[in-house]
Amino acid sequence: ADVKSRIRPSTYEGYEIMVRVHLIPQLGHIKLGKLAPDHISQAWDTMLKAGKSASVVQHAHLRLAKALTDAVKRQLVYRNPCQAVSAPRPEAKELHPPDAQAINLLLETAKETEYYSLLHTAFYTGLRRNEALALRWRDVDLDEGSISVSRSLYQARGGVSIYQAPKTTKGRRLVSLTPSSILVLRELQESQQADALVLGYQVDDDNLV
């Protein structure tokens, strides 16, 4: 409960899944005072042999190490056995972003769909999916040609949508729009306003883009 109050909901859910799906099945049968480095090493080897990625195992190691560090501070154990175990290092993945031809082909294919403006905005601004989905019209300045990124959308369990601020100050930023992006977003805004007029509601600054 103490951890839940100090971290973001998405982070907590990731921790909970890591503990429930990986740590408990591998190590939950061992009493805390009996947990040894060999148990942890064997658990990581078992996970790797079962096809889990080195990244997943590394995250499991980090979560267990932090929990055992807290256990030492609370004097539940006298030492942290994770300190004697090396976690596997994930190999750096080489990224292959689409080139201009692929982007143009995708946008042309999506031209008549509801996803066109979202894809166009993402490609020409570099916004992450969850950042783009969290945009309100108040975050978009079509006259100045910029987007203020100040939050992202997180889909929690049960389909609940949670809007949360960036983890770091670097994540909060101002992104410039290209002339084509301004045109696409202006057309989208005008289309939404026209639909709202017909249906009897108003598009304001707090509406999602």
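User: Which residues are linked with R128 in a network of salt bridges?

Analyst: Glad to start there. In this predicted model, R128, E131 and R173 are linked in a network of salt bridges.

User: What makes E131 and R128 a salt bridge?

Analyst: The closest N and O atoms of E131 and R128 are 3.0 Å apart. The cut-off is 4 Å between a side-chain nitrogen of Lys or Arg and a carboxyl oxygen of Asp or Glu, so the pair of E131 and R128, at 3.0 Å, qualifies.

User: Why is E131 called buried, and why is R128 called exposed?

Analyst: Buried means under 20% relative accessible area, and exposed means over 50%. E131 has 7% relative accessibility, so E131 counts as buried. R128 has 56%, so R128 counts as exposed.

User: How many salt bridges does the rule give?

Analyst: The count comes to seven salt bridges. One of them joins D139 and R136, with 3.2 Å from N to O.

User: What are D139 and R136, buried or exposed?

Analyst: Both values can be set against the 20% limit. D139 has a relative accessible area of 7%, so D139 is buried. R136 has 18% relative accessibility, which is under 20%, so R136 counts as buried too.

User: How do you know that E16 forms a salt bridge with R20?

Analyst: The closest N and O atoms of E16 and R20 are 2.8 Å apart, and the limit is 4 Å, so the pair of E16 and R20 meets the rule. E16 and R20 are four residues apart in helix α2, so about one helical turn separates them. An α-helix has 3.6 residues a turn, so residues three or four places apart point the same way.

User: Why are E16 and R20 called partly exposed?

Analyst: Partly exposed is what lies between the buried limit of 20% and the exposed limit of 50%. E16 has 24% relative accessibility, so E16 counts as partly exposed. R20 has a relative accessible area of 41%, so R20 gets that label as well.

User: Let's turn to a helix. How does the reach of α3 compare with the expected span?

Analyst: Helix α3 covers residues 37-49, which is 13 residues. From its first C-alpha to its last, α3 reaches 18 Å, close to the 18 Å expected at 1.5 Å a residue.

User: Which residues of α3 are buried, and what puts them on the same side?

Analyst: The buried residues of α3 are I40, A43, W44 and M47. They cover an arc of only 95° around the axis, which puts them on the same side of α3. These buried residues pack against α2 (9-27) and α4 (54-73). On the other side of α3, D38, Q42 and K49 are exposed.

User: What follows α3?

Analyst: G51 follows α3, and the phi of G51 is positive, near 100°.

User: What separates Q75 from L208, and what does L208 touch?

Analyst: The C-alpha atoms of L208 and Q75 are separated by 49 Å, and the two residues are 133 residues apart along the chain. L208 is found in the segment after α8 (179-199). Not counting residues up to four places away in sequence, L208 touches several residues, including L133, W137 and Y163. With 40% relative accessibility, L208 falls between the 20% and 50% limits, so L208 counts as partly exposed.

User: Which residues form the nonpolar patch on the surface?

Analyst: Y115, L118 and L133 form that patch, with about 260 Å² of accessible area together. Y115 is in the loop between α5 (100-109) and α6 (116-125).

User: Why is S117 called buried?

Analyst: S117 has 14% relative accessibility, which is under 20%, so S117 counts as buried. S117 is in helix α6. Leaving aside its neighbours within four places in sequence, S117 is in contact with V184 and L188.

User: How do you know that Q164 is buried?

Analyst: The relative accessible area of Q164 is 10%, under the 20% limit, so Q164 is buried. Q164 lies in strand β4 (residues 161-164). Leaving aside neighbours within four places in sequence, the contacts of Q164 include R8, P9 and Y154.

Key: Residues are numbered from 1 along each chain as its sequence is written. This is a predicted model: local features need pLDDT of at least 70, side-chain atom pairs count only at pLDDT 80 or more; totals for chains, interfaces and linings use all residues. Side-chain values use heavy atoms; hydrogens and water are left out. Helices (H or I, at least four residues) and strands (E, at least two) are DSSP runs, numbered from the N terminus. The expected span of a helix is 1.5 Å times one less than its number of residues. Buried means under 20% relative accessible area, exposed over 50%, partly exposed in between (1.4 Å probe, protein chains only). The arc is that of the directions from the helix axis to the C-beta atoms. Contact means heavy atoms within 4.5 Å. Patches are made of residues with over 30% relative accessible area and no salt bridge: like charges are joined within 9 Å, nonpolar side chains (Val, Leu, Ile, Met, Phe, Trp, Tyr) within 5 Å. Accessible areas come from the Shrake-Rupley method with a 1.4 Å probe; for residues, only the protein chains shown count as cover.
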